[in-house]
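Please keep the structure open while reading.

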Amino acid sequence: MNLAIENYLSGLHADEATPEDILVWAWKTFAPRVVASSSFQTQSVPLLHMISRVCPEMPVIFIDTGFHFPETLEFRELLQAHLGLNIVIAQPELSKNDFVLEYGEELYRRDPDLCCQINKVRPLQCALDGMSAWVTGVRHDQTKNRSSLHDLETQISGVIKIHPLLRWDRAQVEEYRRHYDLPAHPLYEAGYLSVGCMPCTQPVLDVGDVRAGRWAGTGKRECGLHLDG
Ligand code: SF4
């Protein structure tokens, strides 16, 4: 077992640790070789707020795929100003124009897995180069794949993935946001409970599956960032 995971399991019991405890441990253990990532949607807000409170220097990676809603970019700016986050923008190797020239229009319809691989997974892999740990906001209640994740996971690359909010549910996210009077993504009230790239996101009618609006009608639920165990 990885030494960091052994230390974690012996010194910090995940069942009792708060997300803030886990963030403090992650920063103390791995800084400066630890980053968080965020898609800057409503459900991202508690983790971002906690980072601003307990480890404000931790870089927060935002993957600018070139296909985001303008409202997401505005929300990212708002949260940066409000919380003073250390945001790092990760971009694909190809500009959006060059990407369309090479792969044609609407690759996201023809082959969304390839589109996500080029515009999301690879930029994040580059941003994680040289890092020891990566903090995410994923939760058990989000998808079937995520329901079986562990607090700490070692990636094939060796990077340790840390999920401080793994055991939280949507109600706790909302309660935290209300308690601290934190803003929601501008599209939240219109039914965008989970927001990804504009061409691949629709409002959700069934609140029991908040990611139903992501790649709707394709069966795809994950972009690939969280599929490497
Ligand atoms: S979410 Fe859609 S547009 Fe964004 S990278 Fe994936 S397939 Fe492409």
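**Notes on the fold, the cores and the ligand site**

1. Strand 2 and strand 3 (residues 86-90) run parallel and are joined by five bridges. The model is a predicted one. Two of the facing residues can be named. Phe 62 has Ile 89 in strand 3 as its bridge partner. Val 60 sits opposite Ile 87 in strand 3. Between the two strands the chain passes through helix 4, and this β-α-β crossover is right-handed.

2. Now the pairing with strand 1. Strand 1 and strand 2 are parallel, with two bridges between them. Ala 36 stands opposite Val 60 in strand 2. Strand 1, helix 3 and strand 2 form a β-α-β unit, which is right-handed.

3. How enclosed is strand 2 by the rest of the structure? Largely so, because four of its five residues are buried.

4. Next, the main core. The largest nonpolar core holds 37 residues, and the ones that touch the most other members are Ala 26, Ile 51 and Ala 133.

5. Ile 51 deserves a separate look. Which residues does Ile 51 touch, not counting those up to four places away in sequence? They are Leu 23, Ala 36, Pro 56, Met 58, Val 60 and Leu 85.

6. Ile 51 belongs to a buried set in helix 3, along with Val 45, Pro 46, Leu 47, Leu 48 and Met 50. What do the buried residues of helix 3 pack against? The partners are helix 2, strand 1, strand 2, helix 4 and helix 8 (170-179).

7. Leu 165 lies in the loop between strand 6 and helix 8. It counts as buried because 24 other C-beta atoms lie within 10 Å. Leu 165 and Pro 19 are 146 residues apart in sequence, yet their C-alpha atoms are 5.8 Å apart. Leaving aside neighbours within four places in sequence, Leu 165 is in contact with Pro 19, Pro 46, Leu 47, Gly 137 and Arg 139. Pro 46 and Leu 47 are among the buried residues of helix 3.

8. Phe 99 is in helix 5 (residues 96-103). Is Phe 99 buried, exposed or partly exposed? It is partly exposed, because it has 19 other C-beta atoms within 10 Å; the cut-off for buried is 20 or more. Phe 99 and Ala 81 are 18 residues apart in sequence and 31 Å apart in space, C-alpha to C-alpha. Outside the four places on either side in sequence, Phe 99 contacts Pro 92, Leu 94 and Ile 118.

9. The peptide bond between Ala 31 and Pro 32 is cis, with omega about 5°. Pro 32 lies in the loop between helix 2 and strand 1. Phe 40, in the loop between strand 1 and helix 3, has a positive phi near 55° although it is not glycine. Phe 40 counts as buried because it has 24 C-beta neighbours inside 10 Å. Asp 181 is in the segment after helix 8. Its phi is also positive, near 55°, in a residue other than glycine. Asp 181 counts as exposed because it has 6 C-beta neighbours inside 10 Å.

10. Last, the ligand. How many residues surround the ligand? There are 13, and the closest are Tyr 108, Cys 115, Cys 116, Cys 197 and Cys 200. Helix 7 (residues 112-127) gives the largest share of this shell, five residues. By class, the shell has nine nonpolar, three polar and one charged residues.

How values were computed
Residues are numbered from 1 along each chain as its sequence is written. This is a predicted model: local features need pLDDT of at least 70, side-chain atom pairs count only at pLDDT 80 or more; totals for chains, interfaces and linings use all residues. A nonpolar core is a set of buried Ala, Val, Leu, Ile, Met, Phe, Trp, Tyr and Cys residues joined through C-beta atoms within 7 Å. A residue is buried if 20 or more other C-beta atoms lie within 10 Å of its own, exposed if 12 or fewer, and partly exposed in between; C-beta atoms are placed from the backbone. Two residues are in contact if their C-beta atoms, placed from the backbone, lie within 7 Å. A residue is near a molecule or strand if its C-beta atom, placed from the backbone, lies within 6 Å of it. Ala, Val, Leu, Ile, Met, Phe, Trp, Tyr, Cys and Pro count as nonpolar, Asp, Glu, Lys and Arg as charged, and the others, Gly among them, as polar. Two strands pair if DSSP finds at least two bridges between them. A crossover is right-handed if, with the strands pointing away from the viewer, the path from the first strand over the helix to the second runs clockwise.
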